[in-house]
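Keep the sequence at hand.

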Amino acid sequence: MLNNTGFNLWANSYDQTVEVSEESNLYPFAGYKEILNQIFNLVMQKKNAEVLDIGFGTAVLTTKLYENGHRIDGLDFSSEMISIAQEKMPAANLLEWDISNGLPAALEEKKYDFIVSTYTLHHLNDDEKVTFIRELLSHLKAGGQLLVGDIAFGTREQLDACRADHLEHWDEDEFYFVADELKDALQEICEYEFHKVSHCGGVMTLSHK
């Protein structure tokens with residue numbers, strides 16, 4: 001896992017790195033633009049939504065939401081990423097924070113129409129993901145949705161096959177989503193859908209039962 005120093009160093013070249021992988025349909029960012037587009041379209045179904053973005057990075061997605069009148073809170077642990085994003089979204093409330101500590105106290109009373117996260121939660125292990133997702137669900141308004149776009153697979157077998165095909169570049173310090181396992185872990189507390197977009201990515205939609 002990259003620490004915040006690593007992400008600070010990567011900040012200015014992050015979008016270019018993603019684009020090369022996405023356009024070549026390669027792990028890890030195959031399907032990236034379509035994943036962001038699907039989340040954008042879901043949020044756009046509501047006007048002037050309150051949105052929390054977890055790990056907004058250079059704000060590729062969030063800037064589009066901001067420009068369309070949505071009110072943005074955001075968390076990221078890279079000060080350089082925050083600087084880039086804040087220039088694009090001067091009125092957004094962007095906080096430097098490490099999500100391995102859950103949500104910051106500054107947001108504990110807030111609830112959102114949408115909580116979105118793209119290519120961030122794979123830095124948490126599977127147990128940490130479930131704990132954090134439970135916390136995020138508690139910050140949704142009635143009818144709200146948690147939208148996660150990430151490196152994700154329908155089954156553990158699909159993940160293992162992708163790893164075998166990309167051993168040279170596979171990041172063993174990241175923990176990718178396995179949709180059927182996450183569904184089992186959360187089925188008692190939320191509605192859950194997985195929409196596969198590429199061989200290594202998709203969108204997860206979670207909401208209260």
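Which residues form a negative surface patch? Glu157, Asp160, Asp180 and Asp184 form it. This is a predicted model, in which local features need pLDDT of at least 70, side-chain atom pairs count only at pLDDT 80 or more, and totals for chains, interfaces and linings use all residues. Residues are numbered from 1 along each chain as its sequence is written, and side-chain values use heavy atoms, with hydrogens and water left out.

Asp and Glu count as negative, Lys and Arg as positive; His and the chain ends are not counted. Each charge is placed at NZ of Lys, CZ of Arg, CG of Asp or CD of Glu. Accessible areas come from the Shrake-Rupley method with a 1.4 Å probe, and for residues only the protein chains shown count as cover.

Helices here are DSSP runs of H or I with at least four residues, strands are runs of E with at least two, and both are numbered from the N terminus. Asp184 sits in helix α8. Is Asp184 buried or exposed? Asp184 is exposed, because its relative accessible area is 53%. The classes are these: buried is under 20% relative accessible area, exposed is over 50%, and partly exposed lies in between (1.4 Å probe, protein chains only).

Stay with these helices and turn to paired charges. A salt bridge puts a side-chain nitrogen of Lys or Arg within 4 Å of a carboxyl oxygen of Asp or Glu. The count comes to 7 salt bridges. In one of them, Arg156 meets Glu181, with the closest N and O atoms 2.7 Å apart. This pair links distant parts of the chain: Arg156 is in helix α7, Glu181 in helix α8, and 25 residues separate them. Arg156 counts as partly exposed at 29% relative accessibility. Glu181 is also partly exposed, at 35%. Asp126, Lys129, Arg156 and Glu181 are linked in a network of salt bridges.

Another bridge joins Glu172 to Arg163, with the closest N and O atoms 2.7 Å apart. Glu172 is partly exposed at 46% relative accessibility. Arg163 is partly exposed at 33%.

Arg71 pairs with Glu50, the closest N and O atoms being 3.2 Å apart. Arg71 lies in strand β2 (residues 71-76) and Glu50 in strand β1, so the bridge ties together parts 21 residues apart in sequence. Arg71 is partly exposed, at 43% relative accessibility.

Now look at the rings. A pair of aromatic rings is described by the distance of the centres and the angle of the planes. Rings of Phe, Tyr and Trp (its six-membered ring) pair if their centres lie within 6.5 Å; planes under 30 degrees apart are stacked, over 60 edge-to-face, and the rest tilted. The whole structure holds 6 aromatic pairs. Tyr27 and Tyr176 form an edge-to-face pair, 6.0 Å centre to centre, with 75° between the planes. Why does this pair tie together parts 149 residues apart in sequence? Because Tyr27 lies in the loop between α2 (14-23) and α3 (32-43), and Tyr176 in the loop between α7 and β6 (177-178). Both Tyr27 and Tyr176 are buried.

Tyr176 has another partner. The ring centres of Trp170 and Tyr176 are 5.1 Å apart and their planes stand at 90°, so this pair is edge-to-face. Trp170 is buried, as is Tyr176. Tyr27, Trp170 and Tyr176 form one aromatic cluster.

Most residues other than glycine have a negative phi, and most peptide bonds are trans. The bond from Tyr27 to Pro28 is cis, with omega near 5°. Pro28 is in the loop between α2 and α3.

Where is Asn48? Asn48 is in the loop between α3 and β1 (50-54). Asn48 is not a glycine, yet has a positive phi of about 50°. Its relative accessible area is 43%, so Asn48 is partly exposed. Tyr119, also not a glycine, has a positive phi of about 55°. Tyr119 is in the loop between β4 (112-118) and α6 (126-137). Tyr119 is buried, with a relative accessible area of 6%.

Methods:
Patch = residues over 30% accessible without salt bridge, like charges linked within 9 Å, V, L, I, M, F, W, Y side chains within 5 Å.
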